[in-house]
Amino acid sequence: MSFDYLFKFIIIGDSAVGKSCLLLQFTDHRFVTTHDLTLGCEFGAQLVQIEEHKIKLQIWDTAGQETFRSITRNYYRGSAGALLVYDITRRETFNHLNDWLKETTNYSNGKLDIILVGNKTDLLENRAVSYEEGEEFAKEHGMKFLETSAKTALNVEQAFMATAKLVYSKL
Ligand code: GDP
């Protein structure tokens, strides 16, 4: 299928925050509960439309490397956008956001458009990070913020589209 632009996106954040599930929900409209998704799925593509342009989003998942803190410069290379994901039910994944931001600054020459994503909103009874805290952190760092559920698909498309629109607006 033809397209006018190709954007490379990456999904970053701690292990098990739902990065692979967000990708699968966006590209395939599916949700699975197994935890070894990342082993099979490290890449997805989706064609989207912004104004009169067809844009191919090429989205990379960390393929489990985040556990070992060994995401390399290669992973960031050529990326225009990133979804920085934490799990609203696990506070430590929110506490690590500064580390992730430091890494993106090191590897991306500051050219990366980042959207902050608080995932797993369907698990409201286990919420450990409030919406306001997420919003505040995003504001402090000049990022857009969305809460999503890869399970119910809430805001998943919006999160990827917000990233795409941000990159598109700077073309
Ligand atoms: P990754 O390591 O960041 O890629 O995380 P995964 O996508 O493998 O997800 C980790 C675990 O969280 C899996 O068991 C998923 O089924 C589960 N999970 C991911 N997203 C959601 C969500 O939005 N809601 C719920 N309830 N579970 C989720």
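Helices (H or I, at least four residues) and strands (E, at least two) are taken here as DSSP runs, numbered from the N terminus. The model is a predicted one, in which local features need pLDDT of at least 70 and side-chain atom pairs count only at pLDDT 80 or more, while totals for chains, interfaces and linings use all residues. Residues are numbered from 1 along each chain as its sequence is written, and side-chain values use heavy atoms, with hydrogens and water left out.

As for the second largest pocket, H5 is the top contributor to its lining, with 4 residues. A pocket here is an open set of points on a 1 Å grid over the protein atoms alone, where a 1.4 Å probe fits, with protein on both sides within 12 Å along at least five of seven lines; lining residues have an atom within 4 Å of a point. Helix H5 (97–108) and strand E5 (113–119) each put in at least two lining residues. The lining has 15 residues in total, and Leu-112, Asp-113, Ile-114, His-141 and Met-143 sit nearest the centre of the pocket.

Turning to Thr-89, this residue sits in the loop between strand E4 (81–87) and helix H4 (91–95). Leaving aside residues up to four places away in sequence, Thr-89 touches Lys-120, Leu-123, Asn-126 and Ala-128, where contact means heavy atoms within 4.5 Å.

Contacts also link two helices: on the H1 side, Leu-22, Leu-23, Gln-25 and Phe-26 meet Val-156, Glu-157 and Phe-160 of H7.
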